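This report goes through one protein model from single residues up to the whole chain. Please keep the sequence and the structure open while reading.

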Amino acid sequence: MEDWWLARDAHGRAGWLLSRMLAVDVPDSVGKYAEGQRMVGAYILTTVSDPEAGPDSGVTDNAHIPIYLTVLSPYLAGLPYDFDQVRVFTWNLKMHRYETAFREKNVEGYLPVAIFTSKDPYGRRW
């Protein structure tokens, strides 16, 4: 079995792509945390500024370091879902590196992932 994804570009053109031929564009400093899983999606939640981050930290723009939400899946075809893990990677301003801020396993997630701001019942913004 092979998984095919329907993809659409910025001009609205659509086509089918073999999923094992796709690679998600994330910095190596985030991609190394995949732990043998395939990153199916990476989404920027916000950015932080770290003027002290050096070139060895893996970031190119110290003023706009992204905080990522990533979704991962095992390297298996024919699964009934698109991803089974969710991780958030935040930037540690003291250590000048990415760290895992949130991790949820054993989910049955489906693409596309929707990113939005929401209020909780107590009026706080998330």
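Asn106 counts as exposed, at 77% relative accessibility. Here buried means under 20% relative accessible area, exposed over 50%, and partly exposed in between, with a 1.4 Å probe and protein chains only. Asn106 sits in strand S6 and has a positive phi of about 60 degrees, although it is not a glycine. The model is predicted: local features need pLDDT of at least 70, side-chain atom pairs count only at pLDDT 80 or more, and totals for chains, interfaces and linings use all residues. Residues are numbered from 1 along each chain as its sequence is written, and side-chain values use heavy atoms, with hydrogens and water left out.

His96 also has a positive phi, near 60 degrees, in a residue other than glycine. His96 is placed in the loop between strand S5 (83–92) and S6. In the segment after strand S6 (97–109) lies Pro112, and the peptide bond from Leu111 to Pro112 is cis, with omega near 5 degrees.

The chain has one helix and six strands, in the order β-β-α-β-β-β-β from the N terminus on. These elements are DSSP runs numbered from the N terminus: helices are H or I with at least four residues, and strands are E with at least two.

The structure holds five salt bridges, a salt bridge being a side-chain nitrogen of Lys or Arg within 4 Å of a carboxyl oxygen of Asp or Glu. Three of them are tabulated here.

| Pair | N to O distance |
|---|---|
| Arg20 and Glu2 | 3.4 Å |
| Glu35 and Arg87 | 3.1 Å |
| Arg103 and Glu35 | 2.8 Å |

Arg20 and Glu2 meet in a salt bridge. Arg20 is exposed, with a relative accessible area of 58%, whereas Glu2 is partly exposed at 45%.

Glu35, Arg87 and Arg103 are linked in a network of salt bridges. Glu35 forms a salt bridge with Arg87. Glu35 lies in the loop between H1 and S3 and Arg87 in strand S5, so this pair ties together parts 52 residues apart in sequence. Arg87 is buried at 2% relative accessibility, while Glu35 is exposed at 51%. Glu35 also meets Arg103 in a salt bridge; Arg103 is in strand S6, 68 residues from Glu35. Arg103 is partly exposed, with a relative accessible area of 36%.

Asn62 is in the loop between strand S3 (38–48) and strand S4 (65–73) and is partly exposed at 22%. Leaving aside neighbours within four places in sequence, Asn62 is in contact (heavy atoms within 4.5 Å) with Val48, Ser49, Asp50, Pro51 and Ala53. The C-alpha atoms of Asn62 and Val48 are separated by 8.3 Å, the two residues being 14 apart along the chain.

For the chain overall, 30% of the 126 residues count as buried. Along the principal axes the C-alpha trace spans about 45 × 40 × 35 Å. Of the contacts with a separation of 6 or more, 46% involve residues 24 or more positions apart.
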